[in-house]
Amino acid sequence: MCGIIGYIGLRKASEVLTEGLKRLEYRGYDSVGIAVVNNRQLEIKKDRGMVDEVSSALQFTTVEGNIGVGHTRWATNGVVCRENAHPHFNEKKTIVAVHNGVVENVSELRGMLEEKEYRFSSDTDSEIIPHLLEENHKTQPLLQAFMETAAQLKGSYAIVALSTEDTGERLLLARKNSPLIIGVGRGEMFCASDIPAMLPYTKTFVPLEEGDVAVLTRHGYKIFSPDGSEVERRQITVDWDAELAQKGGYPHFMLKEIFDQRHFINETIASDISSARQLIDEYEKIDVVACGTSYHAGMLLAYLLSEKGKISQAYIASDYQFIAKPGKKTLAIAISQSGETADVLQALRHAGDSRKIAITNTVGSTITRVSDETVYLNSGPEIGVAATKTFTSQLAIVSKLIYGKQRLEPLSGLIGKMLEKENQIKEIATGLAGKEHAFFIARGMNVPIAYEGSLKFKEITYIHSEAYPGGELKHGTLSLITEGVPVIALAPRDKALPKLFGNIKEVKARGGMVVSVTNDGEVEKESDYSVRIPEGLDPALYPFALVVPLQLLAYHVSVLKGINPDKPRNLAKSVTVE
Ligand code: M6R
């Protein structure tokens, strides 16, 4: 959702904040702002728009000062406009705060403050924070006032605040159900919603835990639990290169991340799954919970576990609490690239006493702390909002859990071969860019890949798309297949192919445009366009061969339509609200 960054040290804060905001923009990009203390005065610059455009129009980096906060917004409360952009401040402009999350008791708190004649200048829930802090600070020192402010907020928050009247020069941090990480430097300290924002400066991080409040000075940090006692939190070190979070010569992060798959897949298949596998062996009933792309990896996991004789089902995490009754005999497996998706965390809360496994890319994320075992994707940072390399890594972990490592050794080479089809896929993209609808079909274990192809396609091309097991078309959707309507068929040679071939013919008979990904000559003949997958491929690897062309197809249609695939409208990378 929103991206937060804070800095205190000797560098020019406005530069650190602006650079950090660029690296955080994947979390939200409808408005942006910074606040820096300069000669004990707050200088605040903010507006609607993307980081590059707003920061150069308002000349962010001309602001002097060594302590400040920044924010890039994904609107939840209040429309997208300058007033609603963060940072928010009190009337005297002595206290400023940035916030990620949703304050659920906003009406009650705002009513109380308005009665005391506090005046609000935005429609956001977040603006409550600087006013409430001012009110609480009237009767107690700043840190205690901040702790009380955090305790009064219901809902979710990651907050960074500061006061110009604070002699100690410090940043105040609080987190509940929204990520916030301290970056530890030498003679300087950072904080941000996510690690990539701080990578140019440090590799040492301390993720805050639920309910933590922290104080950063130039020289260090202190963390307090909700009862006010000082606590120690685990430091983590990452070996990610700052360059990894840069485009490295590619026009978009998404394309870079699609190509990165060749390399990261080896890191993923080296990931330690032994404890998770042991736990899986102990259980007969396994619920898989996830959202979006991760849910599609979860579908494959549930399918493969069921084939192994387990009772397993994949649930859309946001609905798990309404439809599932997990108990002590259920093992819950949560899949989440970010490890911070609110719907997934809620599903894990619903799983109660069940043992839990997390499959995630994010070291120290909340999902890892509420799970008994964690398997890491090791995909490196993924910045494009559309998940690509992390999906392939999720598929690899799922496959390793079921088949073991050896069968996955050809993956890097296979992905490389599929990436060589890029020029052909660009051509197919030109045939699709003008369409209004697209349908994706597959059968059996490749159905989750059809869902994923369709999600990727609609997410970044804004073309309506749906996916089905091929047999389902004739039960309704066939009425939409007319001359030239594209149907993307995932048709590798397997036991389901004869049936899928029938579905492809049904589409052709109605004038539909068939785009196939296949290794079958007959399917190729029926297709308007066809992407070939290698002969003699282990069927366990079909999902990998199928998904790469679909990622490239979505990417190139998006670019042809003039859309920025890294930042599709209305979406954000890490969805920390339910
Ligand atoms: O971080 P998560 O894996 O939990 O995120 C889940 C979804 O929000 C995410 O996969 C989303 O669907 C992607 N934008 C898809 O490309």
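1. For the lining classes used in this note, Ala, Val, Leu, Ile, Met, Phe, Trp, Tyr, Cys and Pro count as nonpolar, Asp, Glu, Lys and Arg as charged, and the others, Gly among them, as polar. On that basis, the lining of the second largest pocket comprises six nonpolar, six polar and two charged residues. The model under discussion is predicted.

2. The second largest pocket has a volume of about 320 Å³. Its lining consists of 14 residues, and Asp239, Trp240, Glu267, Asn378 and Gly380 are the closest to the pocket centre. Helix H6 (residues 253-269) provides the largest share of this lining, namely three residues.

3. Several elements contribute to the lining of the largest pocket. Helix H8 (292-307), strand S18 (330-336), helix H10 (342-350), helix H12 (389-403) and helix H15 (447-461) each supply at least two residues. H15 gives the most, with six residues.

4. The largest cavity holds about 230 Å³. Its lining is formed by 25 residues, among which Tyr26, Asp194, Gln337, Ser338 and Thr362 lie nearest the centre. Nine of the lining residues are nonpolar, nine are polar and seven are charged.

5. The second largest cavity contains about 60 Å³ of space. Residues lining this cavity include Cys2, Arg73, Trp74, His86, His99, Thr124 and Asp125. The lining divides into three nonpolar, seven polar and two charged residues.

6. The axes of helix H4 (residues 128-137) and helix H5 (residues 142-152) approach within 8 Å and cross at roughly 130 degrees. Angles from 65 to 115 degrees count as roughly perpendicular and those over 145 as roughly antiparallel; H4 and H5 are therefore oblique to each other. The crossing of H4 with H5 is right-handed.

7. On the H4 side, the contact is made by Ile129, Leu132, Leu133, Asn136 and His137, and on the H5 side by Leu142, Ala145, Phe146, Glu148, Thr149 and Gln152. Six residues of this contact are nonpolar, four are polar and one is charged.

How values were computed:
Residues numbered from 1 in each chain as written. Predicted model: local features only at pLDDT ≥ 70, side-chain atom pairs only at ≥ 80, totals over all residues. Heavy atoms only, no water. 1 Å grid on protein atoms, 1.4 Å probe; cavity = no way out; pocket = protein on both sides within 12 Å on 5 of 7 lines; lining within 4 Å. Points joined across faces, edges and corners; volume = space filled by probe spheres on them. Axes fitted to C-alpha atoms, helices over the stretch in contact; angles between N-to-C directions. Helix = DSSP H or I, 4+ residues; strand = E, 2+ residues; numbered from the N terminus. Parallel < 35°, antiparallel > 145°, perpendicular 65-115°, else oblique. Left-handed = near helix turned anticlockwise from the far one by under 90°. Contact = heavy atoms within 4.5 Å.
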